[in-house]
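Dear colleague,

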Amino acid sequence: MSEPSIFTRILQGEIPAEILLETDRIFAIRDINPQAPLHVLVIPKDDRYRDVTELAAGDPGLLADLVAAAKRIADEHANGEYRLIFNNGASVAQSVFHVHAHVLGNLEENKLVGF
């Protein structure tokens, strides 16, 4: 059995984090290494899915909840405008294999953030 992810440990209260949004299925926290003025991670509480492809195949409703939460975060913190990024694999900077979305907002005009 594998160790719980950092996100599971945050959810269990073992690691502190600023939770901005929580429902019965997802939670959202500020990224500890922000790449934009608004950089929030939206994370399913269900840790069975390693990446967005697995989540889409296994529970499309949960993926829809995650996207709706990203929009809610952006509505509250970035005038409804945001980038939604999923890293899918170690070679593209996925470092935690518990699916999560990066919500980026309040970016300067024409200045894109690379991952």
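**Pockets and cores**

Helix 1 gives the most to the lining of the largest pocket, with three residues, where helices (H or I, at least four residues) and strands (E, at least two) are DSSP runs numbered from the N terminus. The model is a predicted one, in which local features need pLDDT of at least 70 and side-chain atom pairs count only at pLDDT 80 or more, while totals for chains, interfaces and linings use all residues. Residues are numbered from 1 along each chain as its sequence is written, and side-chain values use heavy atoms, with hydrogens and water left out.

A pocket here is an open set of points, on a 1 Å grid over the protein atoms alone, where a 1.4 Å probe fits and which has protein on both sides within 12 Å along at least five of seven lines; its lining residues have an atom within 4 Å of a point. The largest pocket holds about 450 Å³ of space, the volume being that filled by probe spheres set on the points, which are joined across faces, edges and corners. Its lining has 24 residues, and D31, I32, N33, L41 and S95 lie nearest the centre. Helix 1 (6-11), strand 2 (26-30) and strand 3 (38-44) each supply at least two residues of that lining. By class, the lining of the largest pocket comprises 12 nonpolar, nine polar and three charged residues, with Ala, Val, Leu, Ile, Met, Phe, Trp, Tyr, Cys and Pro counted as nonpolar, Asp, Glu, Lys and Arg as charged, and the others, Gly among them, as polar.

The largest nonpolar core has 19 residues, of which V42, L55 and I73 touch the most other members; such a core is a set of buried Ala, Val, Leu, Ile, Met, Phe, Trp, Tyr and Cys residues joined through side-chain atoms within 4.5 Å, and buried means under 20% relative accessible area, exposed over 50% and partly exposed in between (1.4 Å probe, protein chains only). Strand 2, strand 3, helix 2 (52-58), helix 3 (60-77) and strand 5 (101-105) each give two or more residues to this core, and helix 3 gives the most, with six.

I6, found in helix 1, is partly exposed, with a relative accessible area of 37%. Leaving aside neighbours within four places in sequence, I6 is in contact (heavy atoms within 4.5 Å) with I15 and V96.

With best wishes
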